[in-house]
2 protein chains.
Amino acid sequence: MLTNLSRGQHVGTRDVILDAAATVIRTRGMANATTREIAKAAGYSEATLYKHFTGKVELLVAVLRERSPGFAHLARAMGDDDADLTTGLTAIATAAIAFYTDNFPMLASIFSDPSILAAHNAGLREVGAGPHRVNEAVVDYLRHHQERGTIRRDADLYAAAGLLVGACFQHAFLGHMNWSDRRPDREAAAGFAAMTTAALR
Amino acid sequence: MLTNLSRGQHVGTRDVILDAAATVIRTRGMANATTREIAKAAGYSEATLYKHFTGKVELLVAVLRERSPGFAHLARAMGDDDADLTTGLTAIATAAIAFYTDNFPMLASIFSDPSILAAHNAGLREVGAGPHRVNEAVVDYLRHHQERGTIRRDADLYAAAGLLVGACFQHAFLGHMNWSDRRPDREAAAGFAAMTTAALR
DNA sequence: GTCTATACGCGGATAGAC
DNA sequence: GTCTATCCGCGTATAGAC
């Protein structure tokens, strides 16, 4: 997801507020992401927040939609489908683990308030975006390989993508739960990729 | 996780409060799970809550640890390792999807408040419990099959368990995000199990 | 566009009676 | 063990001046 900054546009008050809100959510949690805290972090008064957003829910939903860093990097890993299948899947898994590790807390937080969850889902559906896009992109990646004969004809690509992406998703989750015996990220990514490859040929 | 009810013990005030809190969290979200709401749902005054728990965090953490229904059913699916591998994994995947679908909102909610997350993790570590236990149990299940020769000797069981359980975990998550093109639970479970089996032989 | 000041209800928590 | 009554700070939101 591109920020206005990376598009080279003017960075307005709205962007400063969104950045500040994202920071507060990441560091103190959604429960402590109050209008007071966000305003203080942004260097503006609370009243200014309400000039740029109709209310708190709209602000938070905007943060969720416009401040999900790392997705571009993940997409780049999937554009590269010339490499060996296992190598490519390892790169995808590594990027996916990093992406989900960064974004899991913010993503999970929206479940704490049904009104935010509903607004967020509605907003995503309108523009056709959402977390399932990662799975769909992996399916496309696998289809390219299948067309070149690297993957067997009758393989269930949907299930395979679900296994790989889901494993990365849960690995990131377990990382936040401080599971000490968990494998390091790179090792886990390689293992997931190797097993997925084994299932596909 | 057994409740006092299923152990046949007396159902005291504490249990009533925990049940009420779990209901409020599930229906209104963690953000709206106030002491007022919980007390009203339990049929007791707020003051009574504070006679049974030192504070709100302790109450919520107790709910998370003692009100995770369906885990027993999931465990049962894994005890049955006499069946064909794909059949067994399908049963496990089906139970896992149901389990995560039920518990994801409550589990995800704890990320909204770092103090609750920390207290929850500390509590789990003390008794050696946690979400990773599901993965470990699947590894054990796979090892039994490996010892009987149903799975190849050099298979990475840890990665395989991560793929299957992770896929179910994320499938449940996507379900809550209202992804319309998502496969039905049973179909998804069968697909995940079949692909995992393919990777293991 | 941004500020200061303020309204007002809600949430966590406790004192003390029964 | 449970209740009623109450405290006090916090959080959202707005009015109105500059």
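With a relative accessible area of 40%, R133(B) counts as partly exposed, a class that lies between buried (under 20%) and exposed (over 50%), computed with a 1.4 Å probe on the protein chains only. The model is predicted, and local features need pLDDT of at least 70, side-chain atom pairs count only at pLDDT 80 or more, while totals for chains, interfaces and linings use all residues. Residues are numbered from 1 along each chain as its sequence is written, chains are lettered from A and ligands numbered from 1 in the order in which they are written, and side-chain values use heavy atoms, without hydrogens and water.

The partner of R133(B) is E136(B): the two form a salt bridge in which the closest N and O atoms are 3.6 Å apart. A salt bridge here is a side-chain nitrogen of Lys or Arg within 4 Å of a carboxyl oxygen of Asp or Glu. Side chains of opposite charge can pair when their charged atoms come close. Because E136(B) and R133(B) stand three residues apart in helix α8 (residues 132–147) of chain B, about one helical turn separates them. Helices (H or I, at least four residues) and strands (E, at least two) are DSSP runs, numbered from the N terminus. E136(B) is also partly exposed, at 28% relative accessible area.

## The pair in chain A

In chain A, R133(A) and E136(A) are joined by a salt bridge, with 3.7 Å between the closest N and O atoms. Both residues belong to helix α8 (residues 132–147) of chain A and are three residues apart, about one turn of the helix. R133(A) is partly exposed at 40% relative accessibility, and E136(A) is partly exposed at 29%.

## Other salt bridges

Over all chains, a search of the whole structure finds 22 salt bridges. One of them brings together the side chains of D156(A) and R183(B), at 3.0 Å from N to O. D156(A) lies in the loop between α8 and α9 (157–176) of chain A, and R183(B) lies in the loop between α9 (157–176) and α10 (185–200) of chain B, so this pair joins two chains. The relative accessible area of D156(A) is 22%, and the residue is therefore partly exposed.

A network of salt bridges links D15(A), D19(A) and R67(A).

Among the atoms of DNA strand D within 4 Å of the protein, 56% belong to sugar or phosphate, and the rest belong to bases. For the side chain of T13(B), the corresponding distance to a phosphate oxygen is 2.9 Å. A polar side-chain atom of H52(B) lies 3.0 Å from a phosphate oxygen of DNA strand D.

## A position in helix α3 of chain B

A47(B) is found in helix α3 (residues 46–52) of chain B. This residue is partly exposed, at 48% relative accessibility. A47(B) and S180(B) are 133 residues apart along the chain, and their C-alpha atoms are separated by 45 Å.

Notes. Near = heavy atom within 4 Å. Polar contact = N/O pair within 3.5 Å; in protein donor to acceptor, adjacent residues only side chain to side chain.
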